[in-house]
Amino acid sequence: TTATTEVNEEAQPSSKTSCSPEHCECIQRLTKNLHFHQQLQGVSNYGAVMEYLRDQQNVNDNQLLRVLDDWNHVLFVHLGDKLTMSESQQQFELIYAQLMRFKTLKACELEKCVAFKRNRRNREKDHLADLPSFDVDVLDAIHCHLLHSFDTGRRSKQDDEFDDDVKGNDSDDDYCGNLRKDRVLQRILSRTRMAWQRGASICAADSVQDVVQQQQQQQPSKFVSAINMDDGNIDQKQAEVTTKREYSFGCLSRYDIDLKKAKYKNLKEEVLKNNTCPIESSLFDKQLENANKFHQTELAKRKHITVGHLMTVILYCAFGTLAYEFSKTFRKIRLDETVDEVKQRNREFRHLTCLLTEAVNDYGDAIGSKANKVGRYYHGISTEMVFPSFKVIFNCPTSLTTAMNVAANFATENGIVLELQKDSPDLRYFNCTWLSCFSNEDERLVLFSPSMKLHNIRCTRMALTDYS
């Protein structure tokens, strides 16, 4: 355990206190790449991007690695967990201000942004012949993170941010602070929905609104645990009980996962042949190519993480339906279902379970590290539930986010948003931002980890109600 901790403390990109957004060479190089990327909006020849990356500054194919390493520097040094949320927000606004100096970047409108629609596509329906190249996907993700996080409600201006760095959170005096946060949450949800309505009014067929609605309907969000009353043929009486029952994050433990009892020989066969949501072989191979490219980055080398572990995180982040169905195999889908029956269902994804567990707990970061300054983590649930304890134990893959905006925007109108705090210093999480196509969701993955403290529960139904 000691050796693992030492490795992961060295795994983050080096941070220099003197590295400000105004003088950061990584940000300057990324800005130039984004400027060129903007010129290619709507151009079908994605290969031009690769040619540019090869020719820029007379370098070779390693330029793509430079882009990835520069982006990892921004994610972990300027926007990472070593900063408080207010410090991270300040850094983001400084970076955003720098980008807005370019007229081409400033003029990018969400409703007409081809990169945004490409980025938010349903990747489980991709066709190999139509796929953008890896470098275009990377630049699309960076573009959406830095240019459209405000437009999409993934971030709000600093004046609207929750003050999570204030001390004394557990006293009765916190009432006024919670009331203020509820009002901010209401504004966040209202502004986000207005943004989508604005997009729909400008674009008709195949609009940004259509793309986002399709994604939300067909790819359940990892940031919201969906409670589906139809699962396992639950009748109306059982459904009534279910809505009142205590909620838990899975019923399995790490000791229940025996790789010898896996249904399939390896991860590829498991992902291609499982009986719930198999994906095409060409898409698996494409993601494996991407994993190999990520494996060459400085961050991956410092973590000493394997391609297989990178692959599982990429699959979990990119394929929403796969992640949803996979997570269901850790939970009871009937009130009378036994733990042995749950373990039997989990055999469909036993390789994915083992690799993802190792990625989180062997290659992840310790939440109790002194360097970690994040005060709150958030997760949504699709319906109002009762919780038996103020300690939350994650016995299923659970995506947390450091941004209240993300969990609130993805939660349903009758759902709740959990506000979680550090509890056990042994809890580990995997920061998915550098591997995810949706890095502005600030995803942190936990699985078979010690407990977190349930600090607050916010009902989106109440937040969406305007009592003014």
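This is a predicted model: local features need pLDDT of at least 70, side-chain atom pairs count only at pLDDT 80 or more; totals for chains, interfaces and linings use all residues.
Local features need pLDDT of at least 70, side-chain atom pairs count only at pLDDT 80 or more, and totals for chains, interfaces and linings use all residues. Residues are numbered from 1 along each chain as its sequence is written, and side-chain values use heavy atoms, without hydrogens or water.

**Strand S6 and its partners**
- Six bridges join S6 to S9 (residues 449-459), and the two run antiparallel; pairing takes at least two DSSP bridges.
- Six of the six residues of S6 (residues 416-421) are buried, that is, under 20% relative accessible area with a 1.4 Å probe, protein chains only.
- Ile 416, Leu 418 and Leu 420 cover one side, with Val 417, Glu 419 and Gln 421 on the other.
- In a regular strand, side chains alternate between the two faces of the sheet.

**Helix H2**
- The 15 residues of H2 (residues 25-39) should span 21 Å at 1.5 Å a residue, and the end C-alpha atoms are 22 Å apart, which agrees; the expected span is 1.5 Å times one less than the number of residues.
- Buried residues of H2 include Cys 26, Leu 30 and His 37.

**Cavities**
- There are eight cavities of 30 Å³ or more, each a set of points on a 1 Å grid over the protein atoms alone where a 1.4 Å probe fits but cannot get out.
- The largest has a volume of about 290 Å³, and Phe 134 and Asp 137 are among the lining residues closest to its centre.

Conventions. Helices (H or I, at least four residues) and strands (E, at least two) are DSSP runs, numbered from the N terminus. Buried means under 20% relative accessible area, exposed over 50%, partly exposed in between (1.4 Å probe, protein chains only). On a 1 Å grid over the protein atoms alone, a cavity is a set of points where a 1.4 Å probe fits but cannot get out, and a pocket is an open set with protein on both sides within 12 Å along at least five of seven lines; lining residues have an atom within 4 Å of a point. Grid points are joined across faces, edges and corners, and a volume is the space filled by probe spheres set on the points.
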